[in-house]
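Hello,

Here is the structure I promised to hand over. Please look through it first, then read my notes below.

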Amino acid sequence: TDYYTRKAFQLTLKVTIFAVMCNTIFGLAAAWMTTKFHYKGKRVLTTLIDLPVTISPVIAGLIFLLTFGRQSPLYPYLKEMNLNIVFAVPGVLLATIFVTLPFISREIIPVMEAQGSGEEEAAALLGADGFTIFWKVTFPHIKWALLYGIILCAARAMGEFGAVSVLSGHLRGKTNTLPLHIEILFNEFAYVPAFAVSSILVFLAVILLIVKSYVEVKGGK
């Protein structure tokens, strides 16, 4: 019933949903471009997909802080547009999207590589448009891998701490997600509220694990 806990819970859900939506679109597009086409610069794309895994979340947060903070050349333009990224909700969204970037694409790419492009080419020769090819030919093969990636992305987004901590500013009721709220309560020696809020994340994690197990069974993982 605590006001700041409710706000942190609401922000966590919003950030998670937004990150999953963005990374689903990016993951599908990146997997399609990686597996169905041959072009120069393909290795660059695959490297960029893996970049968030190799960089510490704290370092990623610092990079965004230098890019969009007051010392950045972009800051005057952001100020003119009245767009706050650092110590604001857009910064929390940006950090979460970056950290969870590879989860969906990396689940889909192996499935699409195993599928090949023969079925899509046959559908194209028969006159099917791009959307029909994706929905009728490609999607049935990747639907369980896509759902599995969405679950992993959601779990990572809900528990993200490092990059969000750097960009959020720890503003209670504004930019605090549940992990940040737990840290503040713990540092204030409010152990009972901290463990109570932790139980919310544990409950959400258990739900995702149940869904993950179901997807693994259905998808044959």
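The largest pocket has a volume of about 230 Å³. A pocket here is an open set of points on a 1 Å grid over the protein atoms alone, with protein on both sides within 12 Å along at least five of seven lines. Grid points are joined across faces, edges and corners, and a volume is the space filled by probe spheres set on the points. The lining of this pocket counts 13 residues, where lining means having an atom within 4 Å of a point. Phe68, Arg70, Tyr75, Asn84 and Val86 lie nearest the pocket's centre. Two elements give two or more residues to this lining: α3 (57-68) and α4 (75-80). The most comes from α4, with 3 residues. By class, the lining has 8 nonpolar, 3 polar and 2 charged residues. (Nonpolar covers Ala, Val, Leu, Ile, Met, Phe, Trp, Tyr, Cys and Pro; charged covers Asp, Glu, Lys and Arg; the others, Gly among them, are polar.)

A note on the source. This is a predicted model, in which local features need pLDDT of at least 70 and side-chain atom pairs count only at pLDDT 80 or more, while totals for chains, interfaces and linings use all residues. Residues are numbered from 1 along each chain as its sequence is written, and side-chain values use heavy atoms, with hydrogens and water left out.

Now the overall build. The protein chain has 11 helices and 0 strands. (Both are DSSP runs, numbered from the N terminus: helices are H or I with at least four residues, strands E with at least two.) The C-alpha atoms fill a box of roughly 65 × 45 × 25 Å, taken along the principal axes.

Next, helix packing. α3 also packs against α5 (residues 89-99), at an angle of about 135 degrees and with the axes 10 Å apart. (Axes are lines fitted to C-alpha atoms, for helices over the stretch in contact; angles run from 0 to 180 degrees between N-to-C directions.) The two helices are therefore oblique to each other. (Under 35 degrees counts as roughly parallel, over 145 as roughly antiparallel, 65 to 115 as roughly perpendicular, and the rest as oblique.) In α3, Pro57, Ala60, Phe64 and Phe68 meet Leu94, Ala95, Phe98 and Val99 of α5. (Contact means heavy atoms within 4.5 Å.) The residues of this contact are 8 nonpolar, no polar and no charged.

What does α1 (residues 3-36) do with α5? Their axes come within 9 Å and cross at roughly 50 degrees. That pair is therefore oblique too. From α1 come Leu11, Val15, Phe18, Ala19, Cys22 and Asn23; from α5 come Val89, Val92, Leu93, Thr96 and Ile97. The contact divides into 9 nonpolar, 2 polar and no charged residues.

α1 meets α8 as well. The axes of α1 and α8 come within 9 Å, crossing at roughly 140 degrees. Residues of α1 in this contact include Thr12, Leu28 and Trp32, and those of α8 include Ile133, Ala157 and Met158. By class, the contact has 13 nonpolar, 5 polar and no charged residues.

Last, the inside. There is 1 cavity of 30 Å³ or more, a cavity being a set of points where a 1.4 Å probe fits but cannot get out.

Best wishes
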